[in-house]
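Please look over the structure shown here before reading on. The notes that come after it are meant for someone meeting it for the first time.

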Amino acid sequence: MVRLLKFLRPQLVIPSRFTVARRIVPARIKEATAEVSSKLIGQKYLTMTFDGYKNVSRDKVLGFLVTVRNENGTENFTLGSAIDITGTNYDGEYVMRETLQKLTEVKKDYKADVRFVTCDSDGAHRKARRLLSQKLPHIIFLPCSAHQINLVIQDVAKFVPRFKETLRQNDCITTWFRKSSLSQGKLEAVQLEYYSKVISMTSWTPTRWYSVYLSVQRVLDSKSALQMYGVKYSANLGLVPFNLKVILDDDEFWLGAKEIAA
């Protein structure tokens, strides 16, 4: 990378890693901290959001975010560093304590007030919301709207027979090509012939509505290649098992997939 940069810009002076780590990064953190402070100080109607997730190192962490509303819309700011909760007894009481501490920090450090707190409906979060609403009745605690929409999609997929069957069939297609590298390679060759590009098959998660749409849309985008693959290798059950062939030839499946993606 250094040689490439030198080739592109011979006059460029690249700072050492010590300069970056000891001077440039700390200076930028200081600037960002001051910028965040200027945005939050004195705010009376902040919204706080929190959630648990895994970082790039696969450690489980808990992060807090505050939202400021202004004339330009909204701005989001992370509250301090994420909390490493790997190996922690992550229950409602623990989440409540950490949330109370963050609310106290906002009040103390920024002289600001959080009026609204939202999170998903994970078991620990649901209990934490209930406990917090009892302790802090002046703050509104509600489940995350986006997560509720995801749960609606999950229920639709679970209880509407037509959608349930179509998603099951879609899952059969994507699972087959994701687990069979040989089949995937041959499908990609057909895709390149038809579209001059590869369209990967993705799985879906019931509580992430966009993943359902993306998975179905990828199959629809590759319909011609999939059906040609089914015809080309129909005699080889190792490449086209009987249930896959049935789905690829099923007009009802393709019609249902279009309805889901519409």
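This is a predicted model: local features need pLDDT of at least 70, side-chain atom pairs count only at pLDDT 80 or more; totals for chains, interfaces and linings use all residues.

Residues are numbered from 1 along each chain as its sequence is written, and side-chain values use heavy atoms, with hydrogens and water left out. Helices (H or I, at least four residues) and strands (E, at least two) are DSSP runs, numbered from the N terminus.

**The largest pocket**

- The largest pocket holds about 440 Å³ of space; a pocket here is an open set of points on a 1 Å grid over the protein atoms alone, where a 1.4 Å probe fits, with protein on both sides within 12 Å along at least five of seven lines.
- Its volume is the space filled by probe spheres set on the points, and grid points are joined across faces, edges and corners.
- Two or more lining residues of the largest pocket come from each of β1 (46-54), β5 (114-119) and α5 (145-159), and β1 gives the largest share, with 5 residues.
- By class, the lining of the largest pocket comprises 7 nonpolar, 7 polar and 5 charged residues, where Ala, Val, Leu, Ile, Met, Phe, Trp, Tyr, Cys and Pro count as nonpolar, Asp, Glu, Lys and Arg as charged, and the others, Gly among them, as polar.

**The second largest pocket**

- The second largest pocket has a volume of about 240 Å³, and its lining includes A32, T33, V36 and S37, as well as F77, T78, L79 and G80, together with E105, D109 and Y110.
- The elements that each give two or more residues to the lining of the second largest pocket are α2 (17-40), β3 (73-78) and α3 (92-110), and the largest share, 4 residues, comes from α2.
- The lining of the second largest pocket divides into 5 nonpolar, 4 polar and 2 charged residues.

**Helix α11**

- In helix α11, which spans residues 251-261, the residues F253, W254, G256, A257, I260 and A261 are buried, a word that stands for under 20% relative accessible area, with exposed meaning over 50% and partly exposed in between (1.4 Å probe, protein chains only).
- The buried residues of α11 pack against α6 (161-179), α8 (209-221), α9 (223-232) and α10 (242-248).
- D250 caps the N-terminal end of α11, with a side-chain oxygen 3.0 Å from the backbone nitrogen of E252.

- S222, in the loop between α8 and α9, counts as buried because its relative accessibility is 0%.
- Apart from neighbours within four places in sequence, S222 is in contact (heavy atoms within 4.5 Å) with Q191, Y195, I199 and M201.
- D221 is in helix α8 and is partly exposed, with a relative accessible area of 40%; leaving aside neighbours within four places in sequence, D221 is in contact with Y195 and I199.
- D221 and K30 are 191 residues apart in sequence and, C-alpha to C-alpha, 47 Å apart in space.
- D249 is found in the loop between α10 and α11 and is partly exposed at a relative accessible area of 46%; D249 and S222 are 27 residues apart in sequence and 14 Å apart in space, C-alpha to C-alpha.

**Residues with positive phi, and a buried lysine**

- R58 has a positive phi of about 70 degrees although it is not a glycine; R58 is placed in the loop between β1 and β2 (60-70) and is exposed, with a relative accessible area of 60%.
- K111, in the loop between α3 and β5, is a residue other than glycine with a positive phi near 50 degrees, and K111 counts as exposed at 55% relative accessibility.
- K102, in helix α3, counts as buried at 8% relative accessibility, and, leaving aside neighbours within four places in sequence, K102 is in contact with M48, F64, L79, G80, S81 and I83.

Definitions and conventions
A polar contact is a pair of N or O atoms within 3.5 Å; within protein, one must be able to donate a hydrogen and the other to accept it, and residues adjacent in sequence count only if both atoms are side-chain atoms. On a 1 Å grid over the protein atoms alone, a cavity is a set of points where a 1.4 Å probe fits but cannot get out, and a pocket is an open set with protein on both sides within 12 Å along at least five of seven lines; lining residues have an atom within 4 Å of a point.
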